[in-house]
Amino acid sequence: MRLKVLASSSKGNSYILESPTGNLLIEAGIPWKEILQGLDYDISKVVGCFVSHEHKDHSKAILNVAKTGIDVYTGQGTIDALGLKHYRLNAVEVKEQFTVGDFTMVSFDTEHDAEDPRGFLIQYSPTGERLLFLTDSYYSKYRFPGLNYIMIECNYIKDTLDQNIANGYVDKAMKPRLLQSHFSLEHVKNFLRANDLSQCRKIILLHLSDSNSDAKRMIQEIEDMTGIETVVADAGLEVELSLYPY
């Protein structure tokens with residue numbers, strides 16, 4: 001498989017998970033024309049789209065995706081919060097297993113200031129590879145065995161945030177929301193410590209803050225702790241997910 005990053009920030013989020021038997025669109029938080037460009041204007045291989053929650057940096061083009069004939073999967077609370085109706089919008093239950101093309105999916109609830117935020121556990125059936133997608137949350141009550149790839153938000157570093165507030169670069173009113181809605185570097189490290197990483201080959205850090213993060217430090221600390229290759233999901237990045245030679 002291959003992961004293509006179209007966007008990963010507070011301005012917009014969208015990713016394409018490519019496989020030999022079909023592609024998944026993960027998040028639709030950028031203009032539809034940019035998603036189309038990322039797909040090389042070929043939607044025929046897209047088997048579905050997953051949207052984590054209703055905030056526009058994740059859902060901006062959700063209706064465009066549905067109107068194009070691509071099934072969208074998300075929580076009912078997200079659909080209701082957006083006020084949308086379309087037969088391609090599919091509400092999935094927490095911890096309900098469902099199949100999209102050759103991908104077996106389970107959605108789970110996350111901790112964010114949205115109506116029904118979700119993460120997704122994705123397994124590619126032909127190879128058994130398992131990918132976790134977890135963004136816009138400050139905590140996960142779930143543990144995931146046998147992960148091969150982890151896509152996880154790493155929005156800020158707490159001491160950097162504190163310093164920026166002290167220096168007046170960041171409004172201190174922002175701090176409570178960040179602490180209760182987004183993964184920090186410290187949160188990510190705690191999450192990784194709590195999970196089975198014995199089969200994990202790659203960690204992809206998502207949704208870094210423009211002012212409160214440090215990509216080099218985040219990568220270094222996580223690699224030092226886990227011994228697993230770690231990358232930041234910059235727009236335009238393409239990552240080979242090559243656990244098996246398919």
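Two strands count as paired here if DSSP finds at least two bridges between them. By that rule β9 and β10 pair up, with five bridges and an antiparallel run. Helices (H or I, at least four residues) and strands (E, at least two) are DSSP runs, numbered from the N terminus.

This is a predicted model, so a few ground rules: local features need pLDDT of at least 70, side-chain atom pairs count only at pLDDT 80 or more, and totals for chains, interfaces and linings use all residues. Residues are numbered from 1 along each chain as its sequence is written, and side-chain values use heavy atoms, with hydrogens and water left out.

**The whole protein**

- The protein has eight helices and 14 strands.
- For 246 residues, a compact globule would have a radius of gyration near 18 Å, and the protein's 17 Å agrees with that. The radius is taken over C-alpha atoms, and the globule rule is 2.2 Å times the number of residues to the power 0.38.
- Of the 246 residues, 55% count as buried. Buried means under 20% relative accessible area, exposed over 50%, and partly exposed in between (1.4 Å probe, protein chains only).
- Take the contacts (heavy atoms within 4.5 Å) with a separation of 6 or more: residues 24 or more positions apart account for 61% of them.

**Strand β1 and its partners**

- Seven of the eight residues of β1 (residues 2-9) are buried, so the strand is largely enclosed by the rest of the structure.
- On one pairing, seven bridges join β1 to β2 (residues 12-18), and the two run antiparallel. A hairpin links them through two residues, and lysine 4 stands opposite isoleucine 16 in β2.
- β1 also pairs with β14 (residues 238-240), antiparallel again, through three bridges. Here arginine 2 sits opposite glutamate 240.

**Strand β9 and its partners**

- β9 (residues 118-124) has six of its seven residues buried, so it too is largely enclosed by the rest of the structure.
- Seven bridges tie β9 to β8 (residues 103-109), which runs antiparallel to it. Valine 106 stands opposite leucine 121 in β9.
- In the pairing with β10, phenylalanine 120 has phenylalanine 133 as its bridge partner.
- The hairpin of β9 and β10 has four residues between the strands, and glycine 128 takes a positive phi near 80° there.

**Helix α7**

- Leu185, Val188, Lys189, Phe191 and Leu192 are the buried residues in α7 (residues 185-193). Seen down the axis, they fall within an arc of 160°, so they line one face of the helix. That arc is the one made by the directions from the helix axis to the C-beta atoms.
- The buried residues of α7 pack against β10 (129-134), β11 (149-153), β12 (202-206) and α8 (215-226).

**Glutamate 54**

- Glutamate 54 is in the loop between β4 (46-50) and α2 (56-59), and is buried at 12% relative accessible area.
- Its side chain reaches the backbone nitrogen of glutamate 115 at 3.1 Å.
- Leaving aside neighbours within four places in sequence, glutamate 54 is in contact with Ser59, Thr78, Ala81, Leu82, Ala114, Glu115 and Asp116.

- Glutamate 27 has a phi near 75°, a positive value in a residue other than glycine. This glutamate lies in the loop between β3 (23-26) and α1 (32-38) and is buried, with a relative accessible area of 0%.
- Lysine 95 is not a glycine either, yet has a positive phi of about 65°. Look for lysine 95 in the loop between β6 (89-91) and β7 (97-100), where it is exposed at 56% relative accessible area.

- Serine 242 is found in the segment after β14 and counts as exposed, at 54% relative accessibility.
- Serine 242 and asparagine 148 are 94 residues apart in sequence, but 9.7 Å apart in space, C-alpha to C-alpha.

Terms used
Polar contact = N/O pair within 3.5 Å; in protein donor to acceptor, adjacent residues only side chain to side chain.
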